Amino acid sequence: MSAQKKKAFQIEAFKHRVVVDPKYAEKTWKILEHAIHEIYNHNASGLSFEELYRNAYNMVLHKFGEKLYSGLVTTMTSHLKEISNSIEAAQGGLFLDELNRKWAEHNKALQMIRDILMYMDRTFIPNTHKTPVHELGLNLWRDVVIHFHAIQSRLQAILLENVRRERSGEVIDRGLMRSITKMLMDLGPSVYQDDFEKHFLEVSADFYRLESQEFIESCDCGEYLKKAEGRLNEEIERVSHYLDTRSEVKITNVVETEMIESHMHRLVQMENSGLINMIVDEKFEDLGRMYCLFRQVSNGLVLIRDVMTSFIRDTGKQLLTDPERLKDPVDFVQHLLDLKDKYDKIITSAFRNDKTFQNALNSSFEYFINLNSRSPEFISLFVDDKLRKGLRGVTEEDVELVLDKVMMLFRYLQEKDVFEKYYKQHLAKRLLSGKSVSDDAERSLIVKLKTECGYQFTSKLEGMFTDMKTSQDTMQGFHASHGSDIGDGPMLSVQVLTTGSWPTQPITTSNLPAEILGICEKFRNYYLGTHTGRRLSWQTNMGTADLKATFGKGQKHELNVSTYQMCVLMLFNDADRLSYKEIEQVTEIPTSDLKRCLQSLACVKGKNVLRKEPMSKDIADTDTFLFNDKYTSKFFKVKIGTVAAQRESEPENQETRQRVEEDRKPQIEAAIVRIMKARRVLDHNNIVAEVTKQLQSRFLPNPVVIKKRIESLIEREFLERDKGDRKLYRYLA
Amino acid sequence: MPPRASKRKSAPPNSSSVTSSDGRSEGIEALCSDLGVDYTDVRILMLAWKLKAEKQGYFTQDEWQTGLKALGVDSLSKLKKALSDLEKEVEKPSNYEDFYTYAFRYCLTEEKQKSVDIESICELLNLVLGVQFRPQIDSLIEYLKVQNDYKVINSDQWINFLRFCKEISFPDLENYDATQAWPLILDNYVEWMREKHS
């Protein structure tokens with residue numbers, strides 16, 4: 001017991017230097033080195049992880065990290081050298097196997113080593129910027145094993161050989177291939193690329209170059225494409241099984257270049273099996289395949305499109321200039337529609353509705369339809385035929401389909417104003433003869449034209465319909481007020497046409513038969529009574545009449561004739577024979593019309609209610625006409641009237657052309673004035689361009705005509721040339 | 001085309017031989033012979049231009065007096081000299097176009113007349129441009145006589161004839177561009193020329 005003062009504890013440093021056993025590092029390293037040996041010799045089970053870890057830890061702690069690290073490098077390197085040798089020693093097919101096995105083992109070993117050396121990995125290595133253990137292990141593998149000369153070249157050769165074998169149909173070990181390529185990828189993307197991929201692509205290019213040459217000599221286009229497609233799919237599958245995904249686009253590129261791009265032109269032009277043949281024979285599957293394959297190479301689709309386009313243009317051009325075809329306008333237009341349908345189908349089913357192909361098709365049609373100046377007339381005749389009889393009994397939807405197709409052709413026309421002229425003529429005939437199949441169909445087409453071209457285009461056409469309706473109302477009113485007067489007399493039905501709306505007719509005044517003059521006057525008075533300030537003139541070249549005729553043996557027939565024909569026939573109530581001159585004198589029908597009229601009455605089998613002397617085919621001024629007593633027909637009602645709209649004769653066509661040209665002049669002038677009013681000053685080329693733009697929805701103006709109109713406007717002092725710059729024109733307000 | 005009849009009442013001194021009560025053509029012919037100049041000579045036309053004569057074939061009293069005063073002429077000999085000076089004056093670029101346009105207007109004899117017949121145009125071209133642009137004018141006149149698109153020429157076409165001679169290289173016509181604002185008659189002329197030479 002002590003009550004003495006407690007002495008403070010003093011801690012002093014060791015007085016002597018504490019030194020780690022110099023042999024400590026060496027000893028510890030040896031332990032670890034031994035462990036690595038054991039690991040590589042598959043004796044890891046006997047090792048204590050904890051102990052080894054501690055040893056490594058201590059080494060690093062006591063500043064022997066450097067020794068540890070370099071020791072690791074040396075040891076691992078020497079082991080890998082051994083491994084290299086053993087791999088190299090493997091024969092033939094076993095090479096790859098051995099390589100793969102050793103690789104797997106190395107990875108396992110590396111993992112264990114890394115775990116043991118984890119402390120170093122996390123402290124010493126980052127501090128000294130050395131390569132981490134795992135990475136180090138991969139690098140060493142790469143440098144010592146893979147890039148060992150003997151192994152490197154052999155590896156490459158075997159891999160490529162396997163691919164070649166597989167391409168020629170042999171079965172190879174894909175799993176093994178996968179492991180090897182995965183190994184290469186793990187070693188770094190440049191390893192995979194430089195050691196394998198680069199050569200793979202080169203060799204593949206050679207392979208396909210050769211193969212494509214063989215195929216193209218021995219196969220037709222369709223077969224070749226099938227093969228090419230097959231190879232392409234094969235490569236894609238190969239990549240998915242044992243190559244890096246990034247190789248896919250590269251190898252497919254190779255196949256496409258060698259098999260498709262190099263032989264593009266030859267394939268397309270191949271005789272009897274190339275693109276044109278496929279189109280003509282409608283081989284949709286082959287075409288679709290071609291489209292898909294060619295899409296992948298630059299200018300592949302351009303090639304297809306160009307060849308197709310020039311073929312369409314040639315076909316169209318042929319159709320447009322074949323005189324046989326042009327004899328029947330309705331048939332001709334039908335052919336055009338069929339042609340369009342065919343190509344539409346090809347583009348939808350084989351070419352994936354590719355817009356550039358659609359555009360090429362459209363421009364081709366536009367090109368050749370306008371090669372023939374008669375196209376507008378023919379399209380109108382086609383419509384006329386449809387609206388007269390073609391669409392009889394057809395459902396509303398189908399009617400719309402046909403009309404839409406017509407509109408499609410209409411859009412291609414450059415001379416829309418010519419179409420308008422003919423359409424008007426034909427429509428007038430249809431309306432007046434009551435021959436239209438469906439009023440709804442007529443109106444539907446007008447609406448479509450209006451949507452396409454604007455109100456102005458159709459306003460006159462609509463005027464025609466209005467006149468028809470109004471005339472109906474007028475007739476009702478007339479009959480209501482005069483019905484009782486008529487009694488036994490002829491029945492009159494009048495259509496009153498507003499001059500501006502209907503196609504212009506040359507003015508003819510023929511003499512109407514006395515029998516109907518009465519009722520005609522009554523109508524005239526009635527109408528003018530309710531519409532003051534108007535002038536009516538009978539259009540004798542446009543009407544029809546139903547005549548009751550009794551022939552020699554008492555046979556009665558009802559003859560449906562034109563007004564002219566009525567004028568002629570009525571004469572025979574008072575005379576049995578009349579000369580041409582007499583008829584001409586009394587009726588005052590214009591010569592060409594009269595001749596046509598007499599021809600239809602005397603020279604057509606089954607309709608010859610008149611006889612002609614002499615019996616020649618043509619009408620001469622010296623002919624005589626007799627009432628044909630002996631006329632028979634099995635029908636009670638006989639139609640002798642004028643036929644439906646015909647394609648114009650050459651001279652008629654010229655005349656219409658001329659009228660169209662005349663109509664265009666004021667339109668061009670109006671456009672010029674409009675433009676100059678807005679711009680005030682403009683140079684010649686720009687005026688031409690603007691005018692063309694403004695009028696293009698109706699027709700394509702001729703630059704020479706535009707110049708002439710400008711000069712005319714200068715003369716009339718609407719414009720003047722600029723005093724300074726001769727190229728400019730000025731608007732004179 | 002040069003003035004034929006003259007209605008002037010008073011004459012410059014020493015030209016009394018020219019006066020005549022009804023102003024007949026002998027007067028002008030006499031004037032011309034006094035001047036030593038043929039009355040179809042272009043210088044008479046130039047005189048008309050200088051005098052700003054409104055109507056072809058007439059000098060009004062006003063025009064005559066004012067014009068001669070402007071020329072500083074009060075005798076026949078001075079008039080003679082003035083004529084040769086006049087030629088130089090007209091040829092000045094600033095006056096030439098004015099004279100050229102005047103020549104056309106001078107031929108419009110009727111009220112509201114806007115064009116001149118081809119025959120007269122050919123003569124006028126020869127007179128006015130013949131000296132300076134002999135080959136072009138000869139060729140153009142040949143064309144005007146054979147073509148039948150146009151029976152008369154208007155002032156717009158007339159003025160462009162001069163521009164054509166001045167600007168277009170002849171006879172190759174290389175720099176002529178039909179898509180430019182040349183009158184159609186010249187487009188046709190150039191086409192005719194090119195066909196002739198091909």
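What covers the buried residues of H27(A)? I started my notebook there, keeping in mind that this is a predicted model.

**Entry one: a helix in chain A**

I looked up H27(A), which spans residues 580-587, and found Tyr580(A), Ile583(A) and Thr587(A) buried. They sit on the same side of H27(A), because the arc they cover around the axis is only 65°.

Now for my opening question. The cover over the buried residues of H27(A) includes helix H26 (563-571), strand S3 (577-579), helix H28 (591-602) and strand S5 (624-627), which belong to chain A.

**Entry two: where chain B meets chain A**

Next I turned to the interface. I found 17 residues of chain B in contact with 15 residues of chain A. The two chains bury about 1400 Å² between them, and 42% of that is on carbon and sulfur atoms. In chain B, the most area is lost to chain A by Gln180(B), Ala181(B) and Leu184(B), together 40% of what that side buries.

**Entry three: pairs across the interface**

How many salt bridges are there across the interface of chain B and chain A? I noted 2. Asp156(B) forms a salt bridge with Arg721(A), with the closest N and O atoms 2.6 Å apart. I also logged 7 residue pairs in polar contact between the chains.

On the side of chain B that touches chain A, helix H8 (155-167) and helix H9 (184-197) are the elements giving two or more residues. H8(B) supplies the largest share, 5 residues. Sorted by class, that side has 6 nonpolar, 6 polar and 5 charged residues.

Key
Residues are numbered from 1 along each chain as its sequence is written. Chains are lettered from A and ligands numbered from 1 in the order in which they are written. This is a predicted model: local features need pLDDT of at least 70, side-chain atom pairs count only at pLDDT 80 or more; totals for chains, interfaces and linings use all residues. Side-chain values use heavy atoms; hydrogens and water are left out. Contact means heavy atoms within 4.5 Å. Buried area is the accessible area (1.4 Å probe) that two parts lose on being put together, summed over both. A salt bridge is a side-chain nitrogen of Lys or Arg within 4 Å of a carboxyl oxygen of Asp or Glu. A polar contact is a pair of N or O atoms within 3.5 Å; within protein, one must be able to donate a hydrogen and the other to accept it, and residues adjacent in sequence count only if both atoms are side-chain atoms. Helices (H or I, at least four residues) and strands (E, at least two) are DSSP runs, numbered from the N terminus. Ala, Val, Leu, Ile, Met, Phe, Trp, Tyr, Cys and Pro count as nonpolar, Asp, Glu, Lys and Arg as charged, and the others, Gly among them, as polar. Buried means under 20% relative accessible area, exposed over 50%, partly exposed in between (1.4 Å probe, protein chains only). The arc is that of the directions from the helix axis to the C-beta atoms.
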